[in-house]
Amino acid sequence: MKKRTALITGITGQDGSYLAEFLVKKGYEVFGLIRRSSTDPFLRIESLVLSRQIRLINGNLRDSATIREAVKISRPDEIYNLAAQSDVGISFNCPDETWEVNYHGVGRLVNTAMEHNPNVKIYQASTSEMFGSTPPPQNEQSSFRPVSPYGKAKLRAHEDYVLGYREKRGLFICSGILFNHESPRRGKHFVTRKITHSLAKIKLGLQDCLELGNLQAGRDWGFAGDYVRAMWLMLQRPNPDDFVVATGVSHTVEEFVEFAAQFLGIRITWLGEGVDRMGYDENRRIIVKVNPDFFRPNEVNHLLGNTDKSREILGWRPEVSFKDLVKMMVESDLSELSR
């Protein structure tokens with residue numbers, strides 16, 4: 001029997017690498033679209049590449065010719081579009097790039113896929129940032145009010161290429177409205193990894209202080225390895241639909257810092273409010289402080305997902321708790337820095 005074939009865009013990112021490992025274990029033939037880079041981009045999946053369990057194809061969502069070539073080579077039964085300009089903060093500085101990849105790139109991929117196989121199943125990585133200023137908890141029926149170029153581009157892609165193509169052209173395309181998901185593979189410029197990596201450096205005497213933006217921003221954080229299971233489950237259903245994927249529990253950035261410090265044996269005492277708030281260790285040293293430069297022009301203050309639909313229909317539940325996630329990230333960074 002022919003193996004099912006999957007094409008993953010953004011395969012070298014956090015989600016792409018976990019999904020690739022998951023699909024290989026499921027017996028898929030996996031292809032990945034990968035951008036050329038001056039650094040080694042596939043360290044996370046190197047063993048699978050070297051063992052030829054994954055085949056990489058050069059290209060990106062800005063280039064229609066490379067997308068056509070990738071689809072032609074892979075002939076996918078399923079496509080997981082995880083490629084994006086995924087940094088919300090950077091989207092304010094690079095709005096054109098964000099729209100080019102996160103909106104127009106989706107259109108290039110979807111149209112090319114339909115030309116080659118009208119029956120292809122597509123997963124589109126949407127985001128909780130589409131909810132923006134909508135009060136929590138947010139579910140599939142909540143209003144979308146994005147406040148960043150990232151959220152706005154993702155919403156437009158959701159409206160035009162997920163809802164539009166599903167309703168008007170019969171495409172099997174699902175949208176995973178994923179809330180924040182993290183792991184030791186998260187880029188160090190994202191706030192969670194910045195916290196665990198910096199605090200591990202402080203613990204080892206390699207850094208003096210961690211500077212952050214809005215400490216009171218609330219997020220629903222889960223483990224990326226759990227969330228890729230939900231992506232796959234969406235494409236196994238008989239009909240396409242959209243699903244919120246989250247833990248249903250929210251924590252502030254300040255709480256994330258406290259848990260990470262706790263696992264490193266650091267007890268933080270907080271003093272001050274707003275931009276003057278500072279975190280002190282047992283020796284009264286300032287190890288955390290607020291830097292106004294890290295505040296976004298428009299901030300999403302509170303995201304909290306309602307996952308009733310994904311639990312009931314997909315049978316999906318997160319397996320890694322918030323505390324275990326933070327511990328996993330701290331231990332990974334401490335081990336890496338100690339070496």
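Student: Where is the place of Pro-137?

Tutor: In this predicted model, Pro-137 sits in the loop that runs between β5 (121-127) and α6 (149-169). The peptide bond leading from Pro-136 to Pro-137 is cis, and its omega is near -5°.

Student: Why does Arg-75 count as exposed?

Tutor: A residue is called exposed when its relative accessible area is over 50%, and Arg-75 has a relative accessibility of 65%, so it counts as exposed. Arg-75 is found in the loop between α3 (64-74) and β4 (78-81), and its phi is near 45°, a positive value in a residue other than glycine.

Student: What makes Arg-284 exposed?

Tutor: The cut-off is again over 50%, and because the relative accessible area of Arg-284 is 54%, this residue is exposed. Arg-284 lies in the loop between β14 (278-280) and β15 (286-290), and it has a positive phi of about 65° although it is not a glycine.

Student: How do you know that the span of helix α5 agrees with its number of residues?

Tutor: The expected span is 1.5 Å times one less than the number of residues, so the 22 residues of helix α5 (residues 95-116) should span 32 Å, and with its end C-alpha atoms 31 Å apart the two values agree. Among the buried residues of α5 are Tyr-103 and Gly-105.

Student: What makes β8 and β13 edge strands?

Tutor: They belong to an open sheet of four strands with the order β8-β15-β14-β13 and mixed pairing. β8 (210-212) and β13 (269-271) are its edge strands, as each pairs on one side only. Two strands pair if there are at least two bridges between them; β8 and β15 are joined by three bridges and run parallel, so they meet that condition. Within this pair, Leu-210 stands opposite Val-288 in β15.

Student: Which helices lie across β8?

Tutor: Helix α7 (residues 191-203) lies across β8 and β15, running at about 160° to β8, while helix α9 (residues 253-263) lies across β8, β13 and β15, running at about 150° to β13.

Student: Which members of the largest nonpolar core touch the most other members?

Tutor: Of its 69 residues, these are Ile-8, Leu-23, Tyr-80, Tyr-123, Ile-195 and Leu-199. Helix α8 (residues 224-235) gives the largest share of this core, eight residues. A second, separate core has 25 residues, including Leu-61 and Val-162.

Key:
Residues numbered from 1 in each chain as written. Predicted model: local features only at pLDDT ≥ 70, side-chain atom pairs only at ≥ 80, totals over all residues. Heavy atoms only, no water. Core = buried A, V, L, I, M, F, W, Y, C linked by side-chain atoms within 4.5 Å. Buried < 20%, exposed > 50% of the residue type's maximum accessible area, 1.4 Å probe, protein only. Helix = DSSP H or I, 4+ residues; strand = E, 2+ residues; numbered from the N terminus. Contact = heavy atoms within 4.5 Å. Axes fitted to C-alpha atoms, helices over the stretch in contact; angles between N-to-C directions.
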